[in-house]
Amino acid sequence: MYGKGAVESRFSTFLKFLEKNRKKLATSIKCLYICNDFRNEMQNKAKKIETVVSRADLKDELIRAGIRPSVQRLAIFEYVRNSCQHPTAEVVYEALRDELGSLSLTTVYNTLKLFVDAGLVLMLTIDDTFRCFDGDCSSHAHFRCNSCGKIIDLKIKKEFLSLVEGAENLEVTDAQLYLKGICPDCKKK
Ligand SMILES: [Zn+2]
Ligand SMILES: [Zn+2]
């Protein structure tokens with residue numbers, strides 16, 4: 001092993017290296033952040049690919065729910081079900097208006113409401129000025145960033161109900177948990 005003198009001299013060499021390469025290191029740290037962002041984006045894309053449901057399966061789902069699968073309804077259902085972004089009615093309208101020429105924002109909104117009433121889609125009302133839709137009806141929590149407005153899905157462990165006082169006497173069939181704050185990306189800025 002190295003003696004004390006050798007360690008000190010290596011340490012001071014290392015400090016000199018840090019000082020000399022400060023700019024380069026700052027760039028590397030920035031690269032690291034970019035890599036992290038890229039990785040998050042890729043993970044989101046991977047999640048999206050995993051959860052893509054075919055149009056034929058979606059059509060069956062609508063029929064089973066007693067909804068006539070018109071071309072417009074099917075396209076709207078496909079968009080919401082396969083999106084991880086919790087789109088608003090406006091976002092769905094913008095995305096599909098070119099594909100479906102005769103589409104109106106009101107039709108999109110009414111169709112989404114129809115899906116919500118049939119239990120096929122969730123409507124998130126995180127606050128009264130903002131409504132968005134979620135094609136994933138499984139129990140999960142939502143975090144909304146106060147700065148960029150992004151909504152992040154979070155898993156809820158079943159045991160969370162044991163933390164709610166009085167819930168033991170209730171038959172809970174649905175639970176919505178909204179969290180608000182600052183997301184990691186905005187915190188970095
Ligand atoms: Zn944010
Ligand atoms: Zn969600």
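Guide: What follows is a look at the contact of helix H4 with helix H6. This is a predicted model, in which local features need pLDDT of at least 70, side-chain atom pairs count only at pLDDT 80 or more, and totals for chains, interfaces and linings use all residues. Residues are numbered from 1 along each chain as its sequence is written, and chains are lettered from A and ligands numbered from 1 in the order in which they are written.

Context comes first. The protein has seven helices and five strands; helices (H or I, at least four residues) and strands (E, at least two) are DSSP runs, numbered from the N terminus. The elements run α-α-α-α-α-α-β-β-β-β-β-α from that end. Of the 189 residues, 12% count as buried, meaning that 20 or more other C-beta atoms, placed from the backbone, lie within 10 Å of the residue's own.

Now the contact. H4 spans residues 71-81 and H6 spans residues 105-117. Their axes come within 10 Å and cross at roughly 70°. Axes are lines fitted to C-alpha atoms, for helices over the stretch in contact, and angles run from 0 to 180 degrees between N-to-C directions. H4 and H6 are therefore roughly perpendicular (65 to 115 degrees) to each other.

From H4 come Gln72, Arg73, Ile76, Phe77 and Val80. They meet Thr107, Val108, Thr111, Leu112 and Phe115 in H6. Contact here means C-beta atoms, placed from the backbone, within 7 Å. By class, the contact has six nonpolar, three polar and one charged residues. Ala, Val, Leu, Ile, Met, Phe, Trp, Tyr, Cys and Pro count as nonpolar, Asp, Glu, Lys and Arg as charged, and the others, Gly among them, as polar.

Terms used. Parallel < 35°, antiparallel > 145°, perpendicular 65-115°, else oblique. Contact = placed C-beta atoms within 7 Å.
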